[in-house]
Amino acid sequence: MTDTMSPFAGSIVGIPRLRKEDPALLTGESKFIDDLHLPGALWIALVRSPHAHARIGAIDTSAALATDGVVAVYTGADLEGDWAGPLPCAWPVTDDMKNPPHLPLAVGKANFAGDAVAVVVATSRYAAADGLEGVVVDYEPLEAVVDVRDAASDRLVIHEDCGTNIAYDWELTPDPDGVAAAFQDAVHHVTETYVHQRLIPAPMETRGVAVVPAPHNGDMTLYSSTQIPHVLKVMAALTLGVPEQKLRVVAPSVGGGFGCKLNVYAEELVCMTLANRHGVPVRWTETRTEAATATIQGRAQRQTIELAADADGKLTGVRATLLADMGAYLQLVAPGVPLLGAFLYHGLYDVPVYSFTCRSVFTNLTPTDAYRGAGRPEATYAIERAMDALAVAVGVGQDEIRSRNFIPTEKFPYDSPAGLIFDSGNYQPTLDRAKELMDWDGRRAEQAERRAAGSTMHLGMGISSYVEMCGLAPSRTLAALNYGAGGWESATVRILPTCKVQVVTGATPQGQGHETSWSMIVADQLGVDPDDVEVLHSDTAISPLGMDTYGSRSLSVGGTALWMATEKVIHKARAIAAHMLEANSDDLDFAGGTFTVKGSPDKEVPLAAVAFGAFTAHDLPDGMEPNLESQVTWDPGNFVFPFGTHIAVVEVDEETGAVELIDYAAVDDCGNQINPMIVEGQLHGGIVQGVAQALWEEAIYDADGQLRSSNLADYLVPSAAECIDMKLDYTVTPSPTNPMGVKGVGEAGTIASTPAVMNAVVDALRPMGITDVRMPASPMTVRRAIEAAGGSP
């Protein structure tokens, strides 16, 4: 283990602090896409296929063109020559992966309900919507493939040029003979199959695009409600053949992302193309129904997990098999999403041998891609549900089976059976503290009393102990996985002549609080006030280098780049201060924003004087450049591995099937914390999002591929009324991967909460012989499980 001391010597990092972003957000001063004032802009609306699978015949646009305010209508065939290539997929996970062309506007065939086939251009948003009514498309409906097992059978092939619905097969089995032997010799062999329903991300702000061309010089500014302005810039330039140096991408205030804005979408490319054609700004704002059908969806997996264990329940092998639904096309990183969990289906348990295989298939449903956690919630769900099944088979408690199998602390850094190196961990204290917060023994006693009394209100308790890999990096590892980009991040720190500070970061926030956390890091290092630190981001003209925000990478990668850049600035400032004090730089201490000579505290110079001296450049050391500024691009040597234990308590009404979450405790370890208030907020939101998968949310499709839950009346996004108080606590096990000892927390709540809640539901119903309940555990689903088990009528 490395030194567990925090590298921060000031009094800022580690102290809860209100977010500096919030006043502007709460008072309406922040500018979102719809707040942009663009005189003379044209609006577009997309004609979307109402069929999940249909050939596109003639498209009659005459009535639309006669609609007041409509300027033009384009079909997929009209614009086919404008694309330099199809929509990008940046993660070809195998050399033989099937990737059917995904054009921004479909030509010849629509492959999911919501596939865009034409675009109406008008002088207002409402005129464009009116114009949609006048576009008549002659569709030839075809049978839809909506089930992953049906898709895998190739009974009906969706993309004829591919010849199969199987996008790829991928396997990770470092020791095949060892896996076979482990299961052959196992005393306990547990096999479980779980289904992850499709989820609609539903951020507060739907997607939006506005493109402003400069026809006189070919420049173009793309405003997008995106998580990835830097990636979008590169991909848009490649897809449209636009010179990259002529393109600027700006993500203004973004109202949530959760992974669904980690993509290059058709609407961005269509707006860019039409802005070029018409020579004026072109914009689009997504409706909530479009957000359900045309924005990516998450999860959509069928998983089988097998555990081999000895007589005491000690794991000897884990084997996982996935069937993943890609939807109709491969989005930006969709093929790699199931594989982000490929290295974690053994969880935080000390397992000798391991095997993972994944088959991903095409269906006639909305494409899937990264959704909060991206592969890691699915992996945690499988192993944590299966660990409860193993506990039952062995005859021990849920807590005990985990304690027997945790990776021992002395084994860190840990060579996992999947080939990763877990940086640091100390798992048992998180379980012990979560049980203490929950009054585990007291709850178990209450459960026994209810059962003895014949109560129809059943109490259930569920544990989820998790580990995740985040900080998507390093670049060489990503290259080995065929990922199309690197895992680095960039930051620039400059101290202005008045000792105010500008920070430029390639990490792009969508509500995570980067401006607050980044200013705290720099202020702590420099000994200045966080309010004197301005954080600039999300504009490729200001921040030209960046890999953006996803996968809980911002702090461990982007924050580390920032820390390193600040250290470089301090190093230069130290040399200037030494020159001013006529001392050796090694003889200077720096604390509280002041350089002092060791042993002579009266000889000092404040950072402000150094900054102004660096600006005037009147008396700098020979050969030193003026000003205090440094830029660092950091490419980590490893992922970081946060962990924790969550416990949920539910009450299940046997008569109605209703499930109520009545208590929740979470103990997480994300290494050193920058702002505990932001950590708490991330956990609150993440936990609720994971609970929603367990209890409420599902994108429901019928046999024809029609989405039956396309609005918020039918798709049950939780509100404050469904939330409960959560008992949160932390352990601190710093990561040796980066100098700040930080890990990640943005996805932890979502990863841990779903299996905790579902384990609690099954625990409540286990006396009836129920061993699984499909998600979401709605009253109807629970009642059907009770009836199938022969429970109360």
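**Salt bridges and burial in a predicted model**

Visitor: Why is Glu-205 called buried?

Guide: In this predicted model, Glu-205 has a relative accessibility of 14%. Buried means under 20%, so Glu-205 counts as buried.

Visitor: How do you know whether Lys-261 is buried or exposed?

Guide: The relative accessibility of Lys-261 is 1%. Because the limit for buried is under 20%, Lys-261 counts as buried.

Visitor: What makes the contact of Glu-205 and Lys-261 a salt bridge?

Guide: Their side chains meet at 3.5 Å, N to O. The definition asks for a nitrogen of Lys or Arg within 4 Å of a carboxyl oxygen of Asp or Glu, and therefore the pair is called a salt bridge. Glu-205 lies in the loop between β8 and β9, and Lys-261 in the loop between β11 and α8, so the pair ties together parts 56 residues apart in sequence.

Visitor: Why is Asp-22 called partly exposed?

Guide: Asp-22 has a relative accessible area of 23%. The side chain of Asp-22 meets that of Arg-19 in a salt bridge of 2.7 Å, N to O.

Visitor: Which parts of the chain does the pair of Glu-290 and Arg-48 link?

Guide: The side chains of Glu-290 and Arg-48 form a salt bridge at 2.9 Å, N to O. This pair links distant parts of the chain, with Glu-290 in helix α9 and Arg-48 in strand β1, 242 residues apart. Both Glu-290 and Arg-48 are buried.

Visitor: How many salt bridges does a search of the whole structure find?

Guide: The search finds 43 salt bridges.

Methods: Residues are numbered from 1 along each chain as its sequence is written. This is a predicted model: local features need pLDDT of at least 70, side-chain atom pairs count only at pLDDT 80 or more; totals for chains, interfaces and linings use all residues. Side-chain values use heavy atoms; hydrogens and water are left out. Buried means under 20% relative accessible area, exposed over 50%, partly exposed in between (1.4 Å probe, protein chains only). Helices (H or I, at least four residues) and strands (E, at least two) are DSSP runs, numbered from the N terminus.
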